[in-house]
Amino acid sequence: MKQDMIVILDLGSHENTVLARAIRALGVYSEIYPHDITVEELKALPNVKGIIINGGLNNVIDGVAIDVNPSIYTMGIPVMAAGHDKATCAVKLPAFTDDIEAIKAAIKSFVFDTCQAEANWNMANFVNDQIELIRRQVGDKKVLLALSGGVDSSVVAALLLKAIGENLVCVHVNHGLMRKGESEDVVEVFSNQLKANLVYVDVTDRFLDKLAGVEDPEQKRKIIGGEFIRVFEEEARKLDGIDFLGQGTIYPDIVESGTKTAKMVKSHHNVGGLPEDLKFQLVEPLRQLFKDEVRACGLELGL
């Protein structure tokens with residue numbers, strides 16, 4: 001099923017993700033795009049029912065106030081503006097706060113009455129769509145997945161198992177930084193209970209040597225991310241026909257990786273730090289989801 005979508009254009013607001021979460025809480029899918037997206041790019045997006053221009057304090061770049069392309073107002077899609085007095089649309093609101101319930105109340109009429117969006121964003125539809133998309137992307141090839149045992153990688157594993165079964169090869173890397181008993185739990189759940197094809201790799205000494213003397217948290221994340229991918233490449237060489245790398249990238253990873261009006265918060269080993277010589281094509285079935293949606297997806301999958 002193709003979900004209806006409300007597009008958020010980032011015009012310097014700190015509350016873009018809160019707004020997107022509020023729209024999704026109404027049962028309608030939403031994504032965040034930069035303010036300078038073109039009309040052609042907007043038209044290429046699937047099932048866009050409405051646009052919300054989300055203004056805020058970061059609306060000046062290099063001393064120049066930014067604005068959206070004025071043609072957006074006349075492209076035939078309903079437009080609402082928040083915190084942007086210069087907007088030429090009919091519906092204008094003050095800047096949003098971080099109160100999701102207040103945002104839901106403020107935008108509900110626009111989303112459903114003005115945009116006529118259908119509340120068809122839910123985890124059952126998402127899981128079915130992703131299984132179809134994974135099968136279409138991967139075909140009969142194999143996918144290598146880093147299975148840490150955390151929420152994101154566990155849900156990715158469950159989705160891939162449903163989609164491609166034994167063509168999923170899970171690699172659990174014990175890097176010496178795990179909680180006590182965590183690696184054993186991963187092996188028990190995914191190998192013994194879910195019958196996943198699981199490879200256990202103990203590279204504790206390798207990781208600790210790489211991190212020795214490193215104090216900066218950002219540098220540590222880069223090193224860990226890079227070494228993770230290197231380990232997967234090495235394991236893939238021992239296996240036949242590995243063409244894809246599954247990753248637990250989620251939507252906040254994409255948003256936090258930096259835009260023109262939002263500075264990078266931190267890097268994630270799913271987005272930043274990938275080696276330039278990466279040999280795999282990426283499979284990222286959770287890249288549309290916020291963290292609470294990942295948990296809901298896990299429940300839908302029976303985890």
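On this tour, contact means heavy atoms within 4.5 Å. This is a predicted model, where local features need pLDDT of at least 70 and side-chain atom pairs count only at pLDDT 80 or more, while totals for chains, interfaces and linings use all residues. Residues are numbered from 1 along each chain as its sequence is written, and side-chain values use heavy atoms, with hydrogens and water left out.

**Stop one: Ser183.** Ser183 has 4% relative accessibility, so it counts as buried (buried is under 20% relative accessible area, exposed is over 50%, and partly exposed is in between, with a 1.4 Å probe and protein chains only).

**Stop two: H5 against H10.** Now select residues 151-164 for H5 and 291-300 for H10; their axes come within 9 Å and cross at roughly 40 degrees. That angle makes H5 oblique to H10. Axes here are lines fitted to C-alpha atoms, for helices over the stretch in contact, with angles from 0 to 180 degrees between N-to-C directions. Under 35 degrees is roughly parallel, over 145 roughly antiparallel, 65 to 115 roughly perpendicular, and the rest oblique.

Show the side chains next. H5 brings Val151, Asp152, Val155 and Leu159 to the contact, and H10 brings Lys291, Val294, Arg295, Cys297 and Gly298.

**Stop three: the cysteines.** Select Cys89 and Cys115. How many disulfides are there, taking a disulfide as a pair of cysteine sulfur atoms within 2.5 Å? The count is zero. Cys89 is in no disulfide, its nearest cysteine sulfur being that of Cys115, 11 Å away. Seen from Cys115, the closest cysteine sulfur is the one in Cys89, and 11 Å is too far for a bond. Buried or exposed, these two? Cys89 is buried at 12% relative accessibility, and Cys115 is buried at 6%.

**Last stop: Lys222.** Jump to helix H8, residues 217-237, where you'll find Lys222. Lys222 is partly exposed, with 37% relative accessibility.

How values were computed
Helix = DSSP H or I, 4+ residues; strand = E, 2+ residues; numbered from the N terminus. Disulfide = S-S within 2.5 Å.
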